[in-house]
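Colleague: I am new to this structure and would like a close look at one part, the salt bridges. Please go through them slowly, and then say what lies around them.

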Amino acid sequence: MIELVANLLKILNSETEPRQISLGICFAMVAGLTPLWRPHNLLILLLVLVLRVNLSAFILAWGVFSAIAYLIDPLFHSLGLAILNADGLKGLWTTLYNHPWFPLTQFNHSITMGSLAVTAVLFVPLLLLGNFIIRNYREHILAYVQKSRLGQMLKATKIFETYQTLRGWGGGR
Amino acid sequence: MSQTTQPPANDSEKRDGPKSPQGGKKGWIRWPGLIAFVAITLILAVVWHFLADWLVKRAVESAGTRAVGAKVEVAAADLSLFPAGLVLDGLQVTNPDAPMTNAVEIGRVGMDLELAQLIRRRVVVNLMQVDALRFNTERKSSGALPDKQRRKEGADSEGAGEALKKGLEKMGCGNFKLPSFEKPDLQNLLANEQLKSLELAQQLEADIKAEEAYWQKTLKELPDQQTLKAYEEKLKGLSSKKSDLGALLGKAGDALTVQKELRADLERIKAAQQRFQKSSRDLRQRVQQLPKAPMADVRRLQAKYSLSADGLANLSQLLIGGQLCDHWQTAWEWYQRLKPYIAQATAGGEAAAPEPERGTGAYVRFTEKTPLPTFLIRQTKASVQLPLGALSGKIENINSNPPLLGKPTAFNFLGRDLAAAKSLSATGLIDLVTPGDPSSRAKLELNGYQLDKVPLSREAALPVTVDTALADLAADFSFAEQRVNTSVDMDFDAVKLSAAAPAGDNAVQTALINGLTGIRRFDLVASVMGNVDDYRMKIRSSLDQTLKDAVGGLVKKEAAKLSAQIESKVRQAVSAPLSNAQQQIDVLGPVGDELQKRLNIGGELLKGSGLKLPF
C-alpha cells in the first residue's frame, strides 16, 4: 500500500505531461473494468504502447480498476443485459450479430457490453478531470506541501523513504 | 515498451507536450511501442499455439468424463484456426460399469469446423471423420472415477435404477430360472417340509382325547342310572300306600314334584346328548376326511420338486431370456446417461439459459438469418471395427437442438464380405424435431454371421454355447408415441451346440443336453413391446418343440416316478397318526350309549307315572 501511494506520488510529482498520465489512467480504466480476453483490449494495448502515455500510470491504474471491476461486475451484467435487450437497439445488435466477424468482439456478452458502455461514457470526463487535478496539484498543492510543516514531516516518513528509493531507480517516466 | 521523459524546460513545454532529448518537441507517437506491441502479440500467439491443444484436450476430457460418469481420455489434440479444424487422437471412453474396459475407443477423430460459428461460441462441424472406432476394448489402467464423483453419479442415477428394476420385473427378467434337474433327497425333503396332513392327524388325535376327557367328566356330573332309579323308588312309595282324600291330594302333589325333578334331569341329559352327537359327528367327519389330506401334500410337493413337462414348454425363454435382459439393461443404462441431453434436445432447450455465476456474465443471442444449434455435426463418416469385421457408414445431423435445425439425425452403416459375416447393414432415424413427441426407428440386418464359441445360455443349470453356427439376423426397433416395439428374428443354420456335462446321474438333464447337441438348425424370435414404462418381452423358438420332443416323455416318466415316491413317503409319514386318530374316535362310542341308557330309564319312569314327557 505504501509502495502504491509512493508510486502515485512519484508519477504525480514527476515532470511527465499531465495528459500522458490522464490518458494512461483512462486506458487502464477500459482495460481494467472490461473482461481481459477481449479483442478491444488488444487495441488498448496497441494504443498504450504506441501513444506516448505514461506506462507507470497505466499499470498502476489497471491494477486498481481490475479490483474495482471485481466488485461491480454484477452491475455491469445488469446494465449490459439492459442495453442488449433494449428494444430501440435490437436492430443494431441483430445486424452486428449477423456480421461475419463482429461477434468476435463478444459485444453480446453482458459484462463486456455493460463495462464497455460505462468506460466509454467515463473516458473523456476522466481524462479532463485527471488533467485538471494533476495540473492543480502541481501548481498549488505540491509547492505548498513541500514548504509546509506537514511536507517536512512527510519527508521524514517511510512513504518518502520509499518514494526516494523509487526515484533512485530512475523514475520520471 | 517504456518511454523516458525529460524534465520540461519551462512552462511552455509543460503546456505543449514532451520534447525530444535533442530539445525538439516529442510527438505523441512512440514508434518503438509498435515493435513492443508486435512482440507481445507474437508472444501471446505462440503461447496460444502451444497451450490451445492442451486446453482442448482437457476440455474434451473433463466434459466427456462428466457426461459419462467414468474417465474419458484423449491421447493428443490438435486445434488449427486457418482452416479451422480439430483432430483428436486416441479417444477412450471408459465403460462406467467395467472400468477396465473402454465402452468406445476411437483411433482418430478429425473435424472440419466453421470458424464463423466458433466466433459465435457455437461448434458447427461440416464433416467429422471417425477412424478405427471400436467397442469394448481393454484398458491398461482403471477408468473409474474417484469415490466422491462416483457417489454423486450414484445419487443422480438412483431413481433411474429403480425405474429399470421395475421395468425388468415387468419384462419377467429375474423369473427366467430353469427348473432344477436334480432329484430331491426324499428323506431330507420330508424332514424339511411341514406336512399338512400330519399336522391335521395330530390335531385330530388331540381333539378326540380332549373330547373324551370332557365327556368322562360330564357323565359324572349328569344324573347317573342309580339317581334315576331312585326316582322310581320315590314314585312307588307314593303310589303303594292307601289314604284319605287329603293325603291322596298331598301324595299327588309330591308325585308331581318328583316328576318335575326327573324331567329336569332328563332335559340336562338330553341337552348333553345333543351336544355329544354334534361334536361326535364333527370328529367322525374329520376322521373320514383325514385319509384325503396326504394327497394335498403329495400334490404340493410334486409341483415343487418334480420337473413337469409344462416347465419345458418355453425353454428358449428360460435359456436366453436372462441374456436378453442383460442386453436390455445395458441399453437402458446408456439411454439413462443420454436422457438429459435427449430431453434438452427434444424440448428445444437452448433458449432457457441458467442464471450465470458471478463474474461470468451471459451471452445474449439475437435473431439470425440462418439459426443453428450450439452444437452441430452436419455429417460424420466413420469406420467401425467390430469383432465380425470392419464397417463404414455415416451419421447426419448430430445436434443439440433438433427442433431448431428441423432435421432428424439419420445413420447408415454397411459392411460387406466381413471377416465373420457376409454383410451387415444398420440404418436408423432419431427424430426429435417435434418438441414433446420424440420418435425413432432402426433396422439391423446381419447375414451369414459365423458364430464361434458364443454363449447361448449362462444358466448354471444348463450352460449352452454355440460352438459354430451360421446366423441370419433381422432386428427392428421403433419408438413412437411413448411406445416401444422391438423385434429380433434370428435363423441359425449349421449349428453345433455344446453344453457342460450334467452334475451327477440325471437322466433329464442328460437328455436335454443330448437334445441340444443334436440340433443342427433353429430359429428364435424375441420381442419387447409396450408402453415405455410398461413393456413385455416374449421369446419363442423352434428349440422349444425340439427339446420337448427330446425330453418330454422322459420328463413325464421321471415326474411320475418321483410323484409316486413322494406319495409313498408322505403316506408312510402320516399313517401312524392317522391310525391313532381313527382308533381314538371309537372310545367316544360308550359315552353315547351311556347317555342313551340314562334317557331310556328316565323315559320309562315318566311313562309309568302316567305323565307324558314333552320330549
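Modeller: What follows starts with the salt bridges and then moves on to other parts of the two chains.

Over all chains, the count of salt bridges comes to 17. I will take three of them in turn.

Begin with E17(A) and R19(A). These two residues form a salt bridge in which the closest N and O atoms are 3.1 Å apart. E17(A) has a relative accessibility of 5%, so it counts as buried, the cut-off for buried being under 20%. R19(A) has a relative accessible area of 26% and is therefore partly exposed.

E17(A) has a further partner. Its side chain also meets that of R135(A) in a salt bridge, at 3.7 Å from N to O. R135(A) counts as partly exposed, because its relative accessibility is 30%.

D89(B) belongs to strand β2 (residues 84-95) and R108(B) to strand β3 (residues 98-113), so the bridge ties together parts of chain B that are 19 residues apart in sequence. D89(B) has a relative accessibility of 24% and so counts as partly exposed. R108(B), with a relative accessible area of 41%, is partly exposed. Back in chain A, shared partners join the bridges of E17(A), R19(A) and R135(A) into one network.

T112(A) is buried, because its relative accessible area is 0%. Apart from neighbours within four places in sequence, T112(A) is in contact with P35(A), R38(A), H40(A), T105(A) and Q106(A).

A word on confidence in chain A. The chain averages a pLDDT of 85, and 83% of its residues score at least 70. Over residues 169-173 of chain A, however, the pLDDT is below 50, and in the model this stretch has 12 contacts beyond near neighbours in sequence. Where pLDDT is low, the predicted coordinates should not be read in detail.

Now to chain B as a whole. Its secondary structure comes to 15 helices and 13 strands. Chain B has 615 residues, and 37% of them count as buried. Among its contacts between residues at least 6 apart in sequence, 66% join residues at least 24 apart.

One helix pair in chain B can be described in more detail. Two packed helices are described by the angle between their axes and the distance between the axes. For helix α7 (residues 196-221) and helix α14 (residues 542-586) of chain B, the angle is about 15° and the axes are 9 Å apart. α7(B) and α14(B) are therefore roughly parallel to each other, since angles under 35 degrees count as such. The crossing in which α7(B) passes α14(B) is left-handed. On the α7(B) side the residues that meet the other helix include L198(B), A201(B), L204(B) and I208(B), and on the α14(B) side they include V570(B), A573(B), V574(B) and P577(B).

Some backbone details of chain B remain. Most residues other than glycine have a negative phi, and most peptide bonds are trans. The peptide bond from F82(B) to P83(B) is cis, with omega near -5°. P83(B) lies in the loop between β1 (72-81) and β2 of chain B, and β2 is the strand that holds D89(B). A132(B) is not a glycine, yet its phi is positive, near 55°. This residue lies in strand β4, residues 123-138, of chain B. A132(B) has a relative accessible area of 23%, so it is partly exposed. Q482(B), again not a glycine, has a positive phi near 65°. Q482(B) lies in the loop between β10 (464-480) and β11 (483-499) of chain B. With a relative accessibility of 36%, Q482(B) counts as partly exposed.

Key: Residues are numbered from 1 along each chain as its sequence is written. Chains are lettered from A and ligands numbered from 1 in the order in which they are written. This is a predicted model: local features need pLDDT of at least 70, side-chain atom pairs count only at pLDDT 80 or more; totals for chains, interfaces and linings use all residues. Side-chain values use heavy atoms; hydrogens and water are left out. A salt bridge is a side-chain nitrogen of Lys or Arg within 4 Å of a carboxyl oxygen of Asp or Glu. Buried means under 20% relative accessible area, exposed over 50%, partly exposed in between (1.4 Å probe, protein chains only). Helices (H or I, at least four residues) and strands (E, at least two) are DSSP runs, numbered from the N terminus. pLDDT is the predictor's confidence in each residue, from 0 to 100. Contact means heavy atoms within 4.5 Å. Axes are lines fitted to C-alpha atoms, for helices over the stretch in contact, and angles run from 0 to 180 degrees between N-to-C directions. Angles under 35 degrees count as roughly parallel, over 145 as roughly antiparallel, 65 to 115 as roughly perpendicular and the rest as oblique. A crossing is left-handed if the near helix is turned anticlockwise from the far one by less than a right angle, and right-handed if clockwise.
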